[in-house]
Amino acid sequence: CHMGRRYLGRHRGRHLRGDPLTETSFEFVPGDVRWKKLREKGLSDLYTFASVILGYGSRVPMTEEAHKLLCKIVERKTRVQFLDTAIMRKFEMPRGTGKTTVITQAYLIQRICRNPNIAIMLANENVETAKAILSEIKQQFENNELLRCLYTEAIPQNTKDTTWSALAITVNRTESRKEPTVFVVGGGGT
């Protein structure tokens, strides 16, 4: 998706009632009003970013009832002071409800799109699990046309020109930094 070229596509997410930014198909030109609205909504609303832009809405599947509040808690936007200011938080949900998908993958990608100069350590008890999570994140950056169209400035055009491995990735940055954008570690280290 390049400036001046029209984007025509369908997303894999769910339709959000009454929200024109979550229609089942999109048509915009990068830089136009619709593009700017969807881009800003994605950066400011994790639920939209995860379900619509990343297409996790139908994969998890995400529901407004369960996942919109989860996203607000993750983003610290509940307006409940003790939730929004807690130093540490523990999320306990059943398997298959999207904890890793929403909390680890989608939130991490959203933070990178907001600030490509960030450095994030992706830690897991098992380094192979952390590598699998990073693999999904890489797939989003490499293959998600809507993500690539909305946040082109952060996404490398050619991953061979940057750090892009099973253990670390570096996106396009505006500031020099020695650490990669995301690197993985297991319980015993890298």
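**Salt bridges and the core**

Let's start with E136 and R59, whose side chains meet in a salt bridge at 3.5 Å, N to O. By salt bridge I mean a side-chain nitrogen of Lys or Arg within 4 Å of a carboxyl oxygen of Asp or Glu. This pair links distant parts of the chain, with E136 in helix α7 (residues 127–143) and R59 in helix α3 (residues 56–59), 77 residues apart. Helices here are DSSP runs of H or I, at least four residues, numbered from the N terminus.

Before I go on, the housekeeping: this is a predicted model, where local features need pLDDT of at least 70 and side-chain atom pairs count only at pLDDT 80 or more, while totals for chains, interfaces and linings use all residues. Residues are numbered from 1 along each chain as its sequence is written, and side-chain values use heavy atoms, with hydrogens and water left out.

So, buried or exposed? For that I use relative accessible area: buried is under 20%, exposed is over 50%, and partly exposed is in between, with a 1.4 Å probe and protein chains only. E136 is buried at 17%, and R59 is partly exposed at 48%.

How many salt bridges does the structure hold? Eight. Another one pairs K72 with D45, with the closest N and O atoms 3.9 Å apart. K72 sits in helix α4 (residues 64–75) and D45 in the loop between α1 (33–44) and α2 (46–53), so this pair ties together parts that are 27 residues apart in sequence. K72 is partly exposed, at 25%, whereas D45 is buried, at 7%.

Then there's E75 with K77, where the closest N and O atoms are 3.7 Å apart. Salt bridges that share partners join E75, K77 and R114 into one network. E75 is buried at 9% relative accessibility, and K77 is partly exposed at 36%.

Okay, on to the packing. A nonpolar core, for me, is a set of buried Ala, Val, Leu, Ile, Met, Phe, Trp, Tyr and Cys residues joined through side-chain atoms within 4.5 Å. The largest one has 44 residues, and I137, F141 and L147 touch the most other members. Helix α6 (residues 99–114) gives the largest share of this core, seven residues.

And what does I137 contact, leaving aside its neighbours within four places in sequence? Q105, L108, I109, L122 and I169, with contact meaning heavy atoms within 4.5 Å.

That's my tour; over to you.

Terms used:
Helix = DSSP H or I, 4+ residues; strand = E, 2+ residues; numbered from the N terminus.
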